[in-house]
Amino acid sequence: MQVIYNNDAGFINSKINKKIAVALGNFDGLHIGHIILIDKIKEYAESKPQNRASCVWTFSEHSLNILNSDYSVPYITAKEEKAEILSRKNIDYLIFQDFNFVRYLSPEEFIERVIADYLNAELVVCGYNYRFGRNGEGTAEFLRENLEKKNIETVIIPAVICEGQAVSSSFIRTLIKIGDMQRAGKFLGRAFSINFPVVYGRQTGRKIGIPTINQLFPEGHIIPAFGIYACTCEVDGKIYKAVTNIGMRPTVNGDFLNSESHLIDFDGDLYGKNIKVNFYYKFRDEIKFDSLDSLKKQIQKDIEFARGYKF
């Protein structure tokens with residue numbers, strides 16, 4: 001898969017010499033609804049691989065955060081993880097567009113400049129609630145009507161329902177914020193995860209015989225509910241069960257928020273490495289203990305719970 005970062009107001013020449021089947025959207029989370037769009041363009045492109053290619057066209061940053069000049073919409077999936085997921089889906093091209101260079105285009109200009117000229121699209125796939133163009137004036141139906149005039153096929157995917165609820169990134173954010181990782185996983189189609197560098201902490205865990213890895217959340221990334229989770233951690237292709245604490249570590253008077261994980265049956269140095277942590281179940285809240293000994297006893301119970309958890 002080729003990843004293109006398009007930061008040019010003139011729309012760089014992507015040098016794609018095939019007709020494009022393109023999926024449009026923010027794709028935060030790449031949840032089960034998004035995957036239906038992805039599968040549609042993949043199927044279309046693979047029907048004539050010599051003439052067609054699949055492409056996901058999205059933004060480097062969530063469009064609402066650019067419009068609001070803050071992180072009012074915390075992101076679920078970092079760009080690197082999006083690329084990893086789409087690469088596994090065998091998508092040909094992933095384009096991260098700088099939103100500022102398209103935000104003032106009218107819907108008609110967007111269709112002409114982006115879809116017809118830049119992307120050379122033959123098939124466009126979007127969700128039922130897709131909006132585009134200046135002030136979000138363009139709708140999915142407007143897109144279909146105008147692309148039909150250019151003999152470009154449009155597929156509009158209706159709402160995907162899971163557990164009686166329309167699947168959306170906003171609902172998944174709510175689940176993550178309350179710590180309901182089991183339902184979040186169903187809507188995502190995989191466990192919610194983080195993949196950040198391991199940084200130095202106070203090494204309290206090591207002092208009490210339970211070493212941990214510390215990871216900091218980048219600005220704008222969603223933060224799960226404070227508490228203790230049954231997780232898995234991926235290290236050099238191997239999966240380890242883990243106990244992860246999200247919060248402030250009140251027993252040791254922690255003064256910053258982080259993710260702290262104990263990898264069960266792992267022995268090694270992970271400082272500076274990016275470690276993927278998959279969240280499956282929040283089984284207790286973060287609380288303050290009256291001593292390190294009490295904390296150690298509870299962590300040992302937590303480890304046994306995670307060891308026996310059916311991932």
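Ala, Val, Leu, Ile, Met, Phe, Trp, Tyr, Cys and Pro count as nonpolar, Asp, Glu, Lys and Arg as charged, and the others, Gly among them, as polar. The model shown in these close-ups is predicted.

**View A. The second largest cavity is lined by Ile-76, Thr-77, Glu-81, Leu-188, Arg-190, Ala-191, Phe-192 and Ser-193.** Its volume is about 30 Å³. Four lining residues are nonpolar, two are polar and two are charged. The structure has two cavities of 30 Å³ or more.

**View B. The largest cavity holds about 500 Å³ of space.** Its lining takes in 33 residues, and Asn-245, Arg-249, Glu-260, Leu-295 and Ile-299 are the closest to the centre. Helices α8 (204–207) and α9 (292–308) each supply at least two lining residues, as do strands β14 (238–247) and β15 (258–263). The top contributor is β15, with four residues. By class, the lining of the largest cavity splits into 13 nonpolar, twelve polar and eight charged residues.

View C. Several elements each give at least two residues to the lining: helices α1 (32–47), α2 (63–68) and α6 (169–177), with strands β3 (52–59) and β6 (131–132). The pocket lining comprises 21 nonpolar, 15 polar and five charged residues.

**View D. Ring pairs join seven aromatic residues into a cluster: Trp-57, Phe-59, Phe-99, Phe-110, Tyr-130, Phe-132 and Phe-142.** Across the whole structure, the search finds 19 aromatic pairs.

**View E. Phe-305 and Tyr-309 form a tilted aromatic pair.** Their ring centres lie 6.2 Å apart. The pair counts as tilted because the planes meet at 35°, between the limits of 30 degrees for stacked and 60 for edge-to-face. The two residues also fall into separate accessibility classes. Phe-305 has 35% relative accessibility, so this residue is partly exposed. Tyr-309 has 16% relative accessibility and is therefore buried. The cut-off for buried is under 20%.

**View F. The charged end of Arg-52 sits over the ring of Tyr-44.** It lies 3.9 Å from the ring centre.

Key: Residues are numbered from 1 along each chain as its sequence is written. This is a predicted model: local features need pLDDT of at least 70, side-chain atom pairs count only at pLDDT 80 or more; totals for chains, interfaces and linings use all residues. Side-chain values use heavy atoms; hydrogens and water are left out. Rings of Phe, Tyr and Trp (its six-membered ring) pair if their centres lie within 6.5 Å; planes under 30 degrees apart count as stacked, over 60 as edge-to-face and the rest as tilted. Buried means under 20% relative accessible area, exposed over 50%, partly exposed in between (1.4 Å probe, protein chains only). A charge sits over a ring if NZ of Lys or CZ of Arg is within 6 Å of the ring centre and within 35 degrees of the ring normal. On a 1 Å grid over the protein atoms alone, a cavity is a set of points where a 1.4 Å probe fits but cannot get out, and a pocket is an open set with protein on both sides within 12 Å along at least five of seven lines; lining residues have an atom within 4 Å of a point. Grid points are joined across faces, edges and corners, and a volume is the space filled by probe spheres set on the points.
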